[in-house]
Amino acid sequence: MTVLFYLSAIIAVISTVAVILQSNIVHALIYLILSLLAVAVVFYSVGAPFAAMLEAIVYAGAIMVLFLFVIMMLNLGQRSHAQEQEWLSGKIWIGPSVMAAILLVQLLSVVTTEQAVTEVVEVGVQEVGLMLFGPYVLAVEIASLLLLAGLVSAYHLAKK
Amino acid sequence: MTWEVGSALNIAAILILVVVIAAMLIWVERRLLGLWQERLGPNRVGWFGLMQVVADMVKIFTKEDWVPPFSDKFSFVLAPNIIMIVVLMSFSVIPFAPGVGVSDSNVGVLFILAMASLGAYSVMLAGLSSNNKYSLLGALRAAAQMVSYEVFMGISLLGVVALTGSFSLRDVVLAQADGWYVIPQFVGFVIFLIAGIAESHRVPFDIPEAEQEIVAGYHTEYSGMKFGMFFVGEYLGLVLVSSLITVFFFGGWMGPAFLPGIVWFVIKAFVFIAFFILLRAALPRPRYDQLMSYGWLFLLPLSLLNLLITAAVILMGS
């Protein structure tokens, strides 16, 4: 499981970097899907099969399909490709790199000081369900209200 | 080597058999359609035309494999691979018989749904990368159809999952020892059947590749083995949906003891394959908006109602 974890974590990092570096929007999206699938494997390897499958179904399977759908409708093609290449060169890298470096230092200091949890405990589907509809029921309800609001506004916009 | 779930021998046998059966279905479909339409179908090559598949394969392997210069090559080559990989991966959680299967994952149902939703990328990327109007139209139709019907597919299975109390497909089969789920979950079965046809885009839901309207839809620009992968991928999807119906609603390998479990499984699955082929000979294609409104306005409320009633019955019983 440790090998699986590190392997998929490396794939996730590399493909996420590729998402930023790709100037072709469809290729960037394919890398993003790969990255999400790698994160799903990470979840699986640390003992959360339910979260892993939901990551694959909801993020990699549904949300990214909608992204691709929008790209298909807009038909961006060569123009956006050239624009992206222009954006990805020169001074634009400095600001994000500095901020990312600060975050990386913070992350590394947390990782080195915190006590590492090496034991993998598998959390079953039923336990997740009981937690969601037990102590965290308020969060679930609030999330469902948010989704309802989104649904109503999407209906309103589509009706115009 | 031992013959148990997940052994190398088991995996190799399932992989090879599933692909061979899917390829043979091309001949089965043409013969059965011929039978029902009062003609002969391919009967020249070999016994009853059985070698027709081999001839087709030789042809498709030796054809020029053309990648259009105006296409996005990376996505164009990737797309047909996705459908093959995704469908073959789905077979890994199916319990064919006691001791036969690749993996008894405890999230098997979710794995099937995840793979089904990833399958949408194959048709979308194929249509988008071809850089062709008809391909793009086909891909748009395919994307909308697959995303919508996935929803009902998932919800219709939740009734079965609630009755079993497990996401493992082997548990689903074992829980049907005293009665197939097709009786308590008849509504779920019908919705899953319809959604399954839509997911594998077979007639009457082959709107993404409707040849009378948009040439061949998303695989208009494909030729040679890349087209062959889409073609075999569609038959693999047909085998997968039939196997899933057998597992979820018709007791999997269970049957009277005079035949081994795997034979019962194959018989049941083949009945559904034949049903899907008969459907192709019998039904016309609906219009695109009819398909979408039928899904969202009829199947979605029905599947939610089915889940609600199933849950209420289970709660009252406990």
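## Helix pairs and a chain contact in a predicted model

Let's start with a pair in chain B: the axes of helix H1 (residues 8-36) of chain B and helix H10 (residues 261-282) of chain B come within 10 Å and cross at roughly 50°. That angle makes H1(B) oblique to H10(B). Here, angles under 35 degrees count as roughly parallel, over 145 as roughly antiparallel, 65 to 115 as roughly perpendicular and the rest as oblique. Axes are lines fitted to C-alpha atoms, for helices over the stretch in contact, and the angles run from 0 to 180 degrees between N-to-C directions. Helices themselves are DSSP runs (H or I, at least four residues), numbered from the N terminus.

This is a predicted model, in which local features need pLDDT of at least 70, side-chain atom pairs count only at pLDDT 80 or more, and totals for chains, interfaces and linings use all residues. Residues are numbered from 1 along each chain as its sequence is written, while chains are lettered from A and ligands numbered from 1 in the order in which they are written.

Back to that pair: the crossing of H1(B) and H10(B) is right-handed. (Left-handed means the near helix is turned anticlockwise from the far one by less than a right angle; right-handed means clockwise.) On the H1(B) side, the residues making the contact include B:Leu25 and B:Trp36, and on the H10(B) side they include B:Ile273 and B:Arg280. Residues are in contact if their C-beta atoms, placed from the backbone, lie within 7 Å. By class, this contact has nine nonpolar, no polar and two charged residues. Ala, Val, Leu, Ile, Met, Phe, Trp, Tyr, Cys and Pro count as nonpolar, Asp, Glu, Lys and Arg as charged, and the others, Gly among them, as polar.

| Helix pair | Axes come within | Axes cross at roughly |
|---|---|---|
| H1(B) and H10(B) | 10 Å | 50° |
| H5(B) and H11(B) | 9 Å | 15° |
| H1(A) and H2(A) | 8 Å | 160° |

What does the angle say about H5(B) and helix H11 (residues 288-317) of chain B? It makes H5(B) roughly parallel to H11(B). Their crossing is left-handed, and the contact holds 18 nonpolar, eight polar and one charged residues.

In chain A, helix H1 (residues 2-21) pairs up with helix H2 (residues 25-45), and the two are roughly antiparallel to each other. H1(A) passes H2(A) in a left-handed crossing. Among the residues that meet there are A:Leu4 and A:Phe5 in H1(A), and A:Val42 and A:Ser45 in H2(A). This contact has 15 nonpolar, five polar and no charged residues.

Now for the two chains: 21 residues of chain B are in contact with 17 residues of chain A. Helices H3 (73-90), H4 (108-129) and H5 (133-164) of chain B each supply at least two residues of the side that touches chain A. H4(B) gives the most, with ten residues. That side of chain B has 17 nonpolar, three polar and one charged residues.

How confident is the predictor? pLDDT is its confidence in each residue, from 0 to 100. Chain A has a mean of 85, with 96% of its residues at 70 or more; chain B averages 83, with 98% scoring at least 70. Among the elements of chain A, helix H4 (residues 77-87) has the lowest mean pLDDT (72) and helix H7 (residues 137-159) the highest (91). The model scores ipTM 0.81 and pTM 0.85.

How values were computed. pLDDT is the predictor's confidence in each residue, from 0 to 100.
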